[in-house]
Amino acid sequence: MGQPVSVMELPSSRAGVLRYEINRSLTGMGHERYLRDEPVIGDRPPDELARRLFERGGIKAVHVYGSMITVELDSNETSGVKEVLEGLFTYYRPGVEVPAVEA
């Protein structure tokens with residue numbers, strides 16, 4: 001349940017940098033930059049996205065501008081990044097109990 005996010009991976013001219021465009025704006029007209037060694041403060045969608053990407057591991061930095069996301073990697077391992085983006089607004093994942101509607 002939730003809203004699936006459509007993700008398009010775009011080419012980057014820099015090695016170790018991934019660029020993605022998604023079908024919704026996360027920041028409006030603002031830029032958000034997150035670094036691995038700095039705490040992510042806040043509960044907005046770009047904050048949660050950065051937290052999830054850092055939890056994945058292998059990420060140095062995340063930059064979000066509107067619907068564009070730039071990810072700087074430690075290595076060339078890209079598996080799992082797109083899936084994190086696609087699942088950003090999916091609330092009920094395997095193992096999460098769905099709340100019952102009380103009559």
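What share of the 103 residues in the protein is buried? Buried residues make up 31% of them, where buried means under 20% relative accessible area, exposed over 50% and partly exposed in between (1.4 Å probe, protein chains only).

The legends below describe a predicted model, in which local features need pLDDT of at least 70, side-chain atom pairs count only at pLDDT 80 or more, and totals for chains, interfaces and linings use all residues. Residues are numbered from 1 along each chain as its sequence is written, and side-chain values use heavy atoms, with hydrogens and water left out.

**Figure 1. Overview of the protein.** The protein has 2 helices and 5 strands, taken as DSSP runs (helices H or I, at least four residues; strands E, at least two) and numbered from the N terminus. From the N terminus on, the order of elements is β-β-β-α-β-β-α. Among contacts between residues at least 6 apart in sequence, 54% join residues at least 24 apart; a contact means heavy atoms within 4.5 Å. The accessible surface comes to about 6,600 Å², and 53% of it belongs to carbon and sulfur atoms. Accessible areas come from the Shrake-Rupley method with a 1.4 Å probe, and for residues only the protein chains shown count as cover.

Figure 2. Strands β1 (residues 7-10) and β2 (residues 17-22) pair in the antiparallel sense over 4 bridges; two strands pair if DSSP finds at least two bridges between them. V7 stands opposite I22 in β2. The hairpin of β1 and β2 has 6 residues between the strands, and G16 takes a positive phi near 80° there. β2 also pairs with strand β5 (residues 68-73), in the antiparallel sense and over 5 bridges. R19 has T70 in β5 as its bridge partner.

Figure 3. D47 lies in helix α1, which spans residues 45-56. With a relative accessible area of 2%, D47 is buried. Residues up to four places away in sequence aside, D47 touches Y34, V40, I41 and G42. The D47 side chain reaches the backbone nitrogen of D43 at 3.4 Å. This is a polar contact, a pair of N or O atoms within 3.5 Å; within protein, one must be able to donate a hydrogen and the other to accept it, and residues adjacent in sequence count only if both atoms are side-chain atoms. D47 also meets R44 in a salt bridge between their side chains (3.1 Å, N to O), the term denoting a side-chain nitrogen of Lys or Arg within 4 Å of a carboxyl oxygen of Asp or Glu. R44 is partly exposed, at 38% relative accessibility.

**Figure 4. Salt bridges of R36.** The side chains of D74 and R36 meet in a salt bridge at 2.3 Å, N to O. D74 lies in the loop between β5 and α2 (81-86) and R36 in the loop between β3 (31-35) and α1, so the pair ties together parts that are 38 residues apart in sequence. D74 counts as partly exposed at 39% relative accessibility, and R36 is partly exposed with a relative accessible area of 39%. R36 also forms a salt bridge with D37 through their side chains (3.9 Å, N to O). D37 counts as exposed, at 72% relative accessibility.

**Figure 5. A salt-bridge network.** The structure holds 7 salt bridges. D43, E48, R51 and R52 are linked in a network of such bridges.
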